[in-house]
Amino acid sequence: MIELQGINKTYQVGESPLRALRDVNITIKAGEYLSVMGPSGSGKSTLLNMVGLLDRPDSGCYRLDGITTERLGEEARARLRADYIGFIFQAFHLVNRLTTLENVELPMMLAGLAPKQRRQKAMAVLEQVGLADRAGHRPNQLSGGQLQRVAIARAIVMKPRLLLADEPTGNLDQASGQEVVEVLEGLNSEGITLLVVTHDGNLGKRAGRRIRMVDGQIEADSGDGNAAAGPTAL
Ligand code: ADP
Ligand code: MG
């Protein structure tokens, strides 16, 4: 489903170039559950943003579901992103003046779905993350764990096949983090491909495949054997 070949990304910081990703190669199959660990600044978020089509590599090839993404313009990339990918961030990124239900409806408003259909789908995913009874609450009336579950509901409401989570439990206490992890893993067991960047070793080791990044490179990949299997991943 995901194929990165020879991906490089350099940021220019002042005078000196900063190589955030160096010759990254990885193949991820549909349905995999993969964790990305490594020290701060090692390129984890850059990698996730690359996979999520939020950022472009300087060189290398990224194929998503067989589509060579380098050739796509911004509009086509945005469409692909909307069709395939859900994002979850450490800081939730909910809209404070909207209710839970309205936050979850946002992606469907952008996609132009009718109000009744929006409401129905939003309620269904809120049910799925255990927050149907909080539909009318606003973000300031929810706990951290609940906020992240609203963010997950919003991320999955368009039925993405790939879910990207960057430090999803980073702002949560252990119990709330656990709830969030369970929701994410439940989605993966229903078939969604799950990539989780985390500092939390306990969370990281739950994943079926674990990657460790150091200095912009993949230093270890527990699923490298699978990656070597190649084209079947698509
Ligand atoms: P991680 O998520 O592993 O902490 P990042 O992927 O965020 O690391 O960053 C990798 C490196 O690239 C870091 O040194 C960071 O400072 C740098 N970096 C990330 N984004 C930018 C940017 N937009 N501009 C300049 N440097 C960046
Ligand atoms: Mg990061």
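At what angle do helix H3 (residues 100-110) and helix H5 (residues 144-156) pack, and how far apart are their axes? The close-up views below, all taken from a predicted model, begin with this pair and then turn to two further helix contacts and to the surroundings of a ligand.

View 1. Helices H3 and H5 pack at an angle of about 30 degrees, and their axes are 7 Å apart. Because angles under 35 degrees count as roughly parallel, H3 and H5 are described as roughly parallel to each other, and their crossing is right-handed. On the H3 side the contact involves Thr100, Asn103, Val104 and Pro107, which meet Val150, Ala153 and Arg154 in H5. By class, the residues of this contact of H3 with H5 divide into four nonpolar, two polar and one charged.

**View 2. Crossing of helix H3 with helix H4.** The axes of H3 and helix H4 (residues 115-128) come within 9 Å and cross at roughly 120 degrees, which makes H3 oblique to H4. H3 passes H4 in a right-handed crossing. H3 contributes Thr100, Leu101, Val104, Glu105, Met108 and Met109 to the contact, while H4 contributes Arg118, Arg119, Lys121, Ala122, Met123, Val125 and Leu126. The residues of the contact of H3 with H4 comprise eight nonpolar, one polar and four charged.

**View 3. Packing of helix H5 against helix H6.** The axes of H5 and helix H6 (residues 174-189) come within 8 Å and cross at roughly 20 degrees, and H5 and H6 are therefore roughly parallel to each other. The crossing in which H5 passes H6 is right-handed. Gly145, Gln148, Arg149, Ile152 and Ile156 of H5 make the contact with Ser176, Glu179, Val180, Val183, Leu184 and Leu187 of H6. Sorted by class, the contact of H5 with H6 has six nonpolar, three polar and two charged residues.

**View 4. Surroundings of ligand 1 and its polar contacts.** The residues that surround ligand 1 are Tyr11, Val13, Leu18, Ala20, Pro39, Ser40, Gly41, Ser42, Gly43, Lys44, Ser45 and Thr46. From the backbone, an N or O atom of Gly41 lies 2.7 Å from an oxygen atom of ligand 1, and a polar backbone atom of Gly43 is 3.1 Å from an oxygen atom of the ligand. Ser45 takes part through its side chain, where an N or O atom is 2.9 Å from an oxygen atom of ligand 1.

Note on methods:
Residues are numbered from 1 along each chain as its sequence is written. Chains are lettered from A and ligands numbered from 1 in the order in which they are written. This is a predicted model: local features need pLDDT of at least 70, side-chain atom pairs count only at pLDDT 80 or more; totals for chains, interfaces and linings use all residues. Side-chain values use heavy atoms; hydrogens and water are left out. Axes are lines fitted to C-alpha atoms, for helices over the stretch in contact, and angles run from 0 to 180 degrees between N-to-C directions. Helices (H or I, at least four residues) and strands (E, at least two) are DSSP runs, numbered from the N terminus. Angles under 35 degrees count as roughly parallel, over 145 as roughly antiparallel, 65 to 115 as roughly perpendicular and the rest as oblique. A crossing is left-handed if the near helix is turned anticlockwise from the far one by less than a right angle, and right-handed if clockwise. Contact means heavy atoms within 4.5 Å. Ala, Val, Leu, Ile, Met, Phe, Trp, Tyr, Cys and Pro count as nonpolar, Asp, Glu, Lys and Arg as charged, and the others, Gly among them, as polar. A residue is near a molecule or strand if one of its heavy atoms lies within 4 Å of it. A polar contact is a pair of N or O atoms within 3.5 Å; within protein, one must be able to donate a hydrogen and the other to accept it, and residues adjacent in sequence count only if both atoms are side-chain atoms.
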